[in-house]
Structures are given as structure tokens and as C-alpha cells.
Amino acid sequence: MAVIRAKTADEALKICNACAKGGITAIEVTFTIDFAHDVIKELKQKLNDSDIIIGAGTVLDAVTARVAILNGADFIVSPSFDPETAKVCNLYQIPYLPGCFTTSEIVAAMKAGCDIVKLFPGNLAGPDYVKAIKGPLPHANIMPTGGVNLSNVDEWIKAGCVAVGIGGQLTKPALTGDYDQITVLAGKYLEKIKSIKET
């Protein structure tokens, strides 16, 4: 999953398009972007006939989740677990991926109906942490965000993660306006993940 942060809505759209062009099929538009809901709405309209799913990230409360959902978000991602946001997402039948770190937080999120839990911040945990959690919770679907890059993405997948969230390591070329490089990087991530799953 590509995690999109940008200074403007226009920049966010360019990054999203570059990621989609590179083959990424799950894009998280963070609500740290001004008018993020408009970005989601526009992407949904442009990519309507594709297999790409567009979600909202950095959703801190149920009100923001509902705004995102009404503008077409296919899923909601938070940096922490919020029971009220879980309720809203369940009401609209939209997947909710809350940020959790401890086993207790993960279990609470799963009890609230969260199918995938975002391990955040992933850079403070590491793949071995996922293996430890999967011991008592083998059925937990974990997606780390933070600390995932080209050199370690294989370690996360091998540790049992169902997906990974990649932000700055993927989108950094946007700082210099090199959106083509984002497309190249997206392809490299997908190639590496595919090769892991085939072994």
C-alpha cells in the first residue's frame, strides 16, 4: 500500500497517479493533505474502471472517517485504534485498519471487527516483532507502516505480514518533481514482493 503525504492536493494526485502507473493497487491518501477528501473523490472518478482501491489515512476520528467514506474511500487507516471510527466503518461496511503496537491493542482492534491491523510505528518494531505477535495470534493480519523499504520488504513478508505500507521511501522523489522515479520504485517494490511470494 502506498501511503501518500503531500504539500498540496495537486502534488498528491501526481504521486497517486505515479504509484498507479507503477502497478500499485492500494493507495492511502492521508488526511494531513489539505482537501484530502477531494483528492480521494477525484481519484475514484478517474480510476473507476481499474482494480485500484483508494483509502483515507491519518483518520483520527469517526467524523473524518464518514467524510472520507462519503467521498468514496474504500478503506480507512488510522495511526491508532478508535472504537467510534470502527463503528462507523462497520456501519458502512468499509474496512478499518487501525494503528496498533501492543498485543492488547491488536486484540482490541480485532474484537472490534478490524480484519487488518496496521503495525505502527513499524520502524520501532521490526519483522521479529511480527513473528513474536504471530506466536499467540497466528490469525492476526498485520500490515507494518514505517520502516519498510526496498532492502527489508522481503523480511516483513517472510515474517508473516499480509501487506506493507510504504510512504516516504516510495514517494520521496516527489520532493524534486521526479514522479517518473516513483513509478520506477513502485515497480521495484512489486517485483520484490512477487518474487518472495513465488518462493
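Author: Start with burial. A residue counts as buried when its relative accessible area is under 20%, and as exposed when that area is over 50%. Keep in mind that this is a predicted model.

Reader: Which residues of helix H6 are buried?

Author: Helix H6 spans residues 127-134, and its buried residues are Pro127, Val130, Ile133 and Lys134. They sit on the same side of H6, because they cover an arc of only 115° around the axis.

Reader: What is the general idea behind a helix having sides?

Author: An α-helix has 3.6 residues a turn, so residues three or four places apart point the same way.

Reader: Which exposed residues are on the face of H6 turned away from its buried side?

Author: Asp128 and Ala132 are the exposed residues there.

Reader: Next, helix pairs. How do I read a crossing?

Author: Look at axis distance, angle and hand, then at the residues in contact. Take H1 (residues 9-21) and H9 (residues 179-198). Their axes come within 7 Å and cross at roughly 35°. The crossing is right-handed.

Reader: Which residues meet between H1 and H9?

Author: From H1, Glu11, Lys14, Ile15, Ala18, Cys19 and Lys21. From H9, Tyr179, Asp180, Ile182, Thr183 and Ala186. By class, that contact has six nonpolar, one polar and four charged residues.

Reader: At what angle do H1 and H2 pack?

Author: About 40°, with the axes 10 Å apart; H2 covers residues 36-46. This crossing is right-handed. H1 brings Ala9, Ala12, Leu13, Cys16 and Asn17, while H2 brings Val39, Glu42 and Leu43. The contact of H1 with H2 has six nonpolar, one polar and one charged residues.

Reader: Last, the cysteines. How many disulfides are there?

Author: First the idea. A disulfide is a covalent bond between the sulfur atoms of two cysteines. The cut-off used here is a sulfur pair within 2.5 Å. By that rule the count is zero. For Cys89, the nearest cysteine sulfur belongs to Cys114, 7.9 Å away. For Cys114, the nearest cysteine sulfur belongs to Cys100, 7.1 Å away.

Reader: Is Cys89 buried or exposed?

Author: Buried, because its relative accessibility is 0%. Cys114 is buried too, with a relative accessible area of 5%.

Technical notes: Residues numbered from 1 in each chain as written. Predicted model: local features only at pLDDT ≥ 70, side-chain atom pairs only at ≥ 80, totals over all residues. Heavy atoms only, no water. Buried < 20%, exposed > 50% of the residue type's maximum accessible area, 1.4 Å probe, protein only. Helix = DSSP H or I, 4+ residues; strand = E, 2+ residues; numbered from the N terminus. Arc of directions from axis to C-beta. Axes fitted to C-alpha atoms, helices over the stretch in contact; angles between N-to-C directions. Left-handed = near helix turned anticlockwise from the far one by under 90°. Contact = heavy atoms within 4.5 Å. Nonpolar A, V, L, I, M, F, W, Y, C, P; charged D, E, K, R; others polar.
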